[in-house]
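Please consult the sequence and the model shown below while reading.

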Amino acid sequence: MPTITLDKKDILNMLGKKVSDAELRDRISMIGTDLESMDDKEIVVEVFPDRPDMLTAAGFAKALSSFMGIKTGLDHYKVNKGSFKVKVDKGVKKVRPHAVCAVVKNVKLNELIIQYLMQVQEKLHKTFGRDRRKLSIGVYDLDKIEFPLTYGVKSRNFKFIPLEMKKEMSVNEILENHPKGTDFAHLLKDFKDVPVWLDKNEKVLSMPPIINSEDTKVSVESKNLFIDVTGLDLKACEQALNILVTGFSERGADIYSVDVGGKSYPNLEPKKVKIDIDYVNKVLGLSLKEVKSYLEKMGYGYEKGIVKIPCYRTDVISQIDLVEDIAIAYGYENFDASISDFGGVAEENKFEEFRNKVCNILTGFGFLETNTYNLAKKDDQTKNMGISLKLVEIENALNEEYNVMRSWMIPCLLDVLRSNKHYEVPQKIFEAGNVFLPSEKVRLGLLLTNASASYTEARQILDSLFNSLGLVGKYKSVVHDSFISGRVARVSVNGKDIAYVGEINPKVLKNFSLENPVVGFELNLSELFEIS
Amino acid sequence: MSVKELVESLHPLERKVLPYISKCKSLKEIQGKSNLQEIEVSRALQWFENKGVLKIKKNNSELVQIGKNGKEYLSKGLPEKQFLKAIREKRLSLNEISEKTGLSRQEVNISLGFLKRKKAIIFGKEIEITAKGKELLKTKSPEEKFLESLPKEKELLNKDMLKDLLKRRELIEIVVKKDKLIEITALGKKLSKSKISDNFIESLTPAMIRDGSFEKKKFRKYDVEINVPKIYPGKRHFVNEAKNHAKKIWLSMGFKEMSGPVINSGFWNFDSLFVPQDHPAREMQDTFFLKGKSKLPSKKIVDAVKKQHEEGWKYKWDPEVAMKSVLRTHTTVLSARTIANLKEKDLPVKYFSIGRNYRNEALDWSHLFEFNQSEGIVIDPNANFKHLLGYLKEFFMKMGYDDVRFRPAYFPYTEPSVEIDVYVKEKDSWVELGGAGIFRPEVVKPLLGKDIPVLAWGFGLGRVILPYYGIKDLRDFYKNDLKQLKEMKSWI
C-alpha cells in the first residue's frame, strides 16, 4: 500500500489550528490511515487504496481538518469556463482511448509543492493507476504550450526531447534506452503507433504513459498548469483528475474547463446517494438520531436523506461505504464492544479432532512433533529419496529452494534430522501434515534415529497406534527404493493400503548427510480416519 | 556438613579415591596409583570439591613429543646422518645419495644445506665427506640428543633448538596435557583421617526387600540438592499447542470449525470476495500460482459473482483469470466457501478455522511464506459492528491480551473494515495483527442469495503467540531445532 511523506509544518498550516503531537498521532490513526512515523519535520503515513484522494497533501489535510471538526462538510469547487480545446484522434482508440484534462491557473509553486506533485503522480500511477496501465497523469507548464492541442498517435520513428535529456530521441530509442522508457515499454509493446500529446505547433507535451517532453516541463517559475490523465478506464481517469485539481484548488488556484472532443472537464459536481438511518443503526448497532454531523465530519454534504459525495471520493460504491465513514466519524474507540445474544452450538471438525488424538498418542512414546513447510525442496522429495514422482509445481516461487508442494512427509522429516545432526541421538520426531498428490491429504510421518534403530522399533509404534485406535494393521513385504530392500512393509488396514514402514535406505541417508540409521513410517491419516 | 554426615554420603567412587587425596597432588597421579579410569577419578574429585573436601585447580601443560617422522629418524638416523653415511666410503652425486638412502629430494636438500654450514662436506658434482664430516658421524648430534630426551615439558627444553626442529616436517609435536591439581582442605584432612566404613547400601535390591537385610545397614546418603541431568517428554509442537488453545476459545464461544483445501481457484480466493481481477494482490509477487487450472463452482454462483464485479468495479470479468490455481492467501477463502454452502435453515451460525496460508514473500524475521491465520465468521441477521468488536475483544482477552485496539482499515471485501492491534507488554507497544469487518453486500449476496450481516475476521496467529514463547523471529516456527522444541514451555 502506498506510503506518503508529508511536511509537518505545511499540514499544520492547512489545518489552521495548533494541534499537539499526541492528538495528531491519534487522529491520523483513527481516520483510516496508518501512521508510520512522525518527527518535527515529517509525517509518514500509509494511505489505504480506497482513499487515493488522501495521497495529495492538500487532500490529506482537508480530510483531517474535517475529521477533527475544524472545517467540516462538503467543499464546493468552482470550474471557470475556459477556451481550451483538445482534439482527440481516432488512432488512440486502440492504444489508450480515454483522455480528460484541466487547466489550473495561479498556482503558487515552490520546491515542496513540486515534490508533492511528483509524489502524488508516482503513488497514483502505482496503485490507483495499476502501474500506469489503467491511467497515467501528465502535468505541463501552460505558458509553454499553444492551444488547440491534439491527443493522437505517432510512429515509432517520431522524435522529441524526453524529460531530463538534452537531445532528441526517437520513440524506439526512448523505449529501449531511457530509464522510464524501459520501465514501461511493455505497456505499448502490442502497438505499432504510440500515443502523444501535441500542441498547435506540433510541439510535443508527452508520450503517455511513458514520459513528458523536456520542452513543456514544470518548474518553480510556472504559474499556470495544464493537466491530462489518459488511460483505459474513463471513470478512474476522471477521479484522478479530480483528486489533482481539487488539491490545487485547496491551495487557492483557479480551475478552468477544457473541451476534450466536445466534452467538458473537469466535472467537480458531487454525486448523490440516498441513506437510510435505520440501516446505519442496524449495521453499526447504534441508535443515532441523525447522521448529518457524522457525514460532515467525513467531508460529505447531507440534506433530507440524500448524501452529496465529493467528486474526489473514488470508493463510495453503495450505502454501506457511507456506513463505514459514519463509524469512523463516530470513532471506533467509542463503540461498546459486546458479544451478540446468539449462543450457537460448538462443533470441532471431526478429522482435526482425530489428528489431534493421534498426535497426542505419539507424544506418549516420547516423540517430538515438528512443524515443517508444505512447500518443499524438489530434490528432497524425489532424487534424494531415490525415487521419481510427479509433484505439484509452483509457477512463480520467489524462494527457489521451495518450488514444489510436498507429496510425502518423510523427506521433510529427514530434512529436520539433517539440520539437527549436531545434537545427540536418539532423535524421535513426527508430524501430521498436508501433502499434495495433487489431491490434498494429511499424512503422518514418523522417524527415529539412533545407532541401532531397527524395523522393529518403528513397527512397534505403528502397531501400538493402531491398537489405540481399535484397528489392526496387516504387513506385507514390498519394494520401495527409499527403504532398505527386505526391510520395508506395505501396511493395510481393513484391506486398504495405508502406510509404509521400514528402515531408510543408507543411500538416502547419505543424500541427507545423515550418519545414523533411521527408521520410520508414512501413514495416510486422511484414509485412516475414513476407516476408523 | 559434618564429617559424620560426609562419611555417610560418600559415593563408592569417592571412597575409592579418598585414600589418595592427602598423598597425591594431581588427578593424573591418583589415576596412576589407584588404577581407576580418568573419568572416575575426575568425577569423584568434582564431588569432593562440591562438598568442600578439596579444591581443584586446572593445570594444563604443554608437552613436546616425537612426531611421525621423528620416530623413523630415531631408528634410521637423522637425514643428515644418513647422507653422511652414504658418502663415507665414496663420493656420490645427489641422485645417487637419494637412491642409496631412500631420502626424498627435499630431505636431501635440507641435509645438504645443513652439512654445508657445518663444513662436513665439499660440494661438487659429486659430494665428498670432510674430516669434520667423519668426526660428526662418530658422535651424537645435539638434535639427536634432543629427540632422545623426549617427551619432555616444553619449558624445560632449549628454545632455539625447539624452534628449529618444529620447522621440520612432523619431526616433533606439541601436545597439551590436561591435569587437575588438588589441594586438600581442613575438612578434607579430617575426612581422610576418619574411619571409613563401606557398609552402606548403595542400591536397594529386590533381595534386600525380601530378606530384610536393609534394616541392618545404612543407606548411603545422596546429595539431593545438586542438579541432575535434564530429561524431556515427547511434545506437541509449540505452534500447535497455541493453535489448540485458540481453537478451544472459539469452541467455547459456540463456533463450529470449518475446513477446506489449500489449493484454490482464484475464484474462491479472490473473485468470491469481490477482489477485482486487476487488484495488485492478484499480481505475481504476492500470490503463489500453480501450474494448471481449477474448476469453477456452479454456474449460478459464478454468474452472480461476475454480475457483482461488473456492476461494482465496472470492468469485463474474465472466467479464465478466475480459474488460475493458487495456494490460498488467506483462510477467508474458507469463509466464502462455507457461506456458499449455507441454507436458510442453518442460520444464524458461527464458524471459525485456524489454518495455514501462503504468500510469495522472501523469508525474514517478520515474514514467512506459510503462516497460520485465525478466521471467523458470524452469519446472523441480527449481528452488528458492536458484536464484531465484542467477539474479537473476548478472544484476545482469553489469549492473554487485556488491551485491544480497533482502527479503521481497508479490505476489498469488508465494510466497515477494522484493523486489530493488541498491546504487547513485553514490547511496550501496539502490534498489528490483521483484519476484520462486515462482509460487503457485494460478497454475501452472490454466495448466500441475500444480504445478511456477516461479521468476519482473519488475523495472523503467529504474532499473537510470539510474546508468550519469548520468540523474536517468526522463522523459529519452522526451524525445528530439537533442543528448542524439547525445552519450549507448554501453553498454559
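## Cis peptide bonds in chain B

Pro151(B) is placed in the loop between α10 (142–148) and β4 (152–153) of chain B. Helices (H or I, at least four residues) and strands (E, at least two) are DSSP runs, numbered from the N terminus. The peptide bond that leads from Leu150(B) to Pro151(B) is cis, with omega near -5 degrees. Most residues other than glycine have a negative phi, and most peptide bonds are trans.

## Basis of the model

The model is predicted: local features need pLDDT of at least 70, side-chain atom pairs count only at pLDDT 80 or more, and totals for chains, interfaces and linings use all residues. Residues are numbered from 1 along each chain as its sequence is written, chains are lettered from A and ligands numbered from 1 in the order in which they are written, and side-chain values use heavy atoms, with hydrogens and water left out.

## Overall form of chain A

Chain A contains 17 helices and 27 strands. Its radius of gyration is 33 Å, whereas a compact globule of 532 residues would have one near 24 Å; the radius is taken over C-alpha atoms, and the globule rule is 2.2 Å times the number of residues to the power 0.38. The C-alpha trace of chain A spans about 95 × 65 × 45 Å along its principal axes.

Of the 532 residues of chain A, 56% count as buried (buried means under 20% relative accessible area, exposed over 50%, partly exposed in between, with a 1.4 Å probe and protein chains only). Among contacts in chain A (heavy atoms within 4.5 Å) between residues at least 6 apart in sequence, 70% join residues at least 24 apart.

## Domains

Domain bounds come from an automatic or database domain assignment. For chain A, this assignment gives domain 1 (3–67), domain 2 (79–265), domain 3 (271–333) and domain 4 (350–531). The centres of domain 3 and domain 4 of chain A, taken over C-alpha atoms, are separated by 57 Å.

Chain B is divided into domain 1 (3–61 + 176–219), domain 2 (66–173) and domain 3 (239–487). Between the centres of domain 2 and domain 3 of chain B, taken over C-alpha atoms, lie 82 Å.

## Positive phi angles in chain A

Arg130(A), which is not a glycine, has a positive phi of about 50 degrees. Arg130(A) sits in the loop between α5 (111–128) and β6 (135–141) of chain A and counts as buried because its relative accessibility is 13%. Asp131(A), found in the loop between α5 and β6 of chain A, has a positive phi of about 60 degrees although it is not a glycine. With 33% relative accessibility, Asp131(A) counts as partly exposed.

Helix α20 (residues 441–448) of chain B is largely enclosed by the rest of the structure, because seven of its eight residues are buried. Among the buried residues of α20(B) are Pro441(B), Val444(B) and Leu448(B).

Ser34(B) lies in helix α3 (residues 27–34) of chain B and is buried, at 15% relative accessibility. Not counting residues up to four places away in sequence, Ser34(B) touches Tyr20(B) and Val41(B). Lys472(B), by contrast, is exposed at 70% relative accessibility; Lys472(B) is in the loop between α21 (462–469) and α22 (482–487) of chain B. The C-alpha atoms of Lys472(B) and Ser366(B) are separated by 8.6 Å, with the two residues 106 residues apart along the chain.
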